[in-house]
Amino acid sequence: MAIDAELLAILVCPKTKGPLELVDLDSETRRALVEKYREKFRDEEPVVTQGLYSKSADLIYPIVSDIPVMLIDEALPGPGRVTSEK
């Protein structure tokens with residue numbers, strides 16, 4: 001299940017209040033995030049395939065099991081981590 005288009009339209013970067021772009025995460029990043037969030041999803045395997053990219057902050061906010069993690073401290077660095085979904 002993908003992130004809802006209406007939700008994506010109203011979400012903004014918590015750091016810059018700028019727009020966000022839906023991006024695919026590379027496989028290494030996906031695996032690392034699944035391991036990181038596994039403990040919080042005790043009854044199921046977390047699903048991580050995409051994130052929300054803030055060009056102005058150059059940060060990616062991961063989407064874990066359809067839940068955007070919109071915390072600056074949990075954001076990933078932008079360069080080299082994504083391929084734009086078009």
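Which residue in the turn of the hairpin of β2 and β3 has a positive phi? The residue is D58, whose phi is about 55 degrees, and the hairpin that β2 and β3 form has four residues between the two strands.

The structure is a predicted model, in which local features need pLDDT of at least 70 and side-chain atom pairs count only at pLDDT 80 or more, while totals for chains, interfaces and linings use all residues. Residues are numbered from 1 along each chain as its sequence is written, and side-chain values use heavy atoms, with hydrogens and water left out.

**Overall architecture**

The secondary structure of the protein chain comes to two helices and six strands, where helices (H or I, at least four residues) and strands (E, at least two) are DSSP runs numbered from the N terminus. Along the sequence these elements follow the pattern α-β-α-β-β-β-β-β. Of the 86 residues of the protein chain, 40% count as buried; buried means under 20% relative accessible area, exposed means over 50%, and partly exposed lies in between (1.4 Å probe, protein chains only). Among the contacts with a separation of 6 or more, 53% are made by residues 24 or more positions apart, a contact being defined by heavy atoms within 4.5 Å. The accessible surface of the protein chain comes to about 5,600 Å², and 54% of that area belongs to carbon and sulfur atoms; the areas come from the Shrake-Rupley method with a 1.4 Å probe, and for residues only the protein chains shown count as cover.

Strand β3 is mostly covered, since six of its six residues are buried. L59, Y61 and I63 point one way from β3, whereas I60, P62 and V64 point the other way, and all are buried. In a regular strand the side chains alternate between the two faces of the sheet.

Pairing here requires that DSSP finds at least two bridges between two strands. β2 and β3 run antiparallel and are joined by five bridges, with G51 having P62 in β3 as its bridge partner. β3 also pairs with β5 in the antiparallel sense over two bridges, and in that pairing L59 stands opposite P77 in β5. With β4, too, β3 pairs in the antiparallel sense over two bridges, where I63 stands opposite P68 in β4. The hairpin of β3 and β4 has two residues between the strands, and S65 takes a positive phi near 50 degrees.

**Nonpolar cores**

A nonpolar core is taken as a set of buried Ala, Val, Leu, Ile, Met, Phe, Trp, Tyr and Cys residues joined through side-chain atoms within 4.5 Å. The largest one has twelve residues, namely V23, L25, L33, V34, Y37, F41, V48, Y53, I60, V64, V69 and L76. At least two residues of this core are supplied by each of β1 (21–25), α2 (27–38), β2 (48–54) and β3 (59–64), and the largest share, three residues, comes from α2. Apart from this core lies another, of eleven residues, including L11, L20, A57 and L59. In soluble globular proteins, nonpolar side chains tend to be buried together.

**Charged pairs**

A search of the whole structure finds three salt bridges, each defined by a side-chain nitrogen of Lys or Arg within 4 Å of a carboxyl oxygen of Asp or Glu.

| Salt bridge | N to O distance |
|---|---|
| R38 and E35 | 2.2 Å |
| E45 and R38 | 2.3 Å |
| K36 and E74 | 2.8 Å |

K36 lies in helix α2 and E74 in the loop between β4 (67–68) and β5 (76–77), so this pair ties together parts that are 38 residues apart in sequence. K36 is partly exposed, with a relative accessible area of 43%.

R38 and E35 both lie in helix α2, where they are three residues apart, about one turn of the helix. R38 is partly exposed at a relative accessible area of 31%, whereas E35 is exposed at 51%. E45, for its part, counts as partly exposed at 43% relative accessibility. Salt bridges that share partners join E35, R38 and E45 into one network.

Another residue of helix α2 is R31, which counts as exposed at 55% relative accessibility. R31 and T49 are 18 residues apart in sequence, and their C-alpha atoms are 9.3 Å apart in space.
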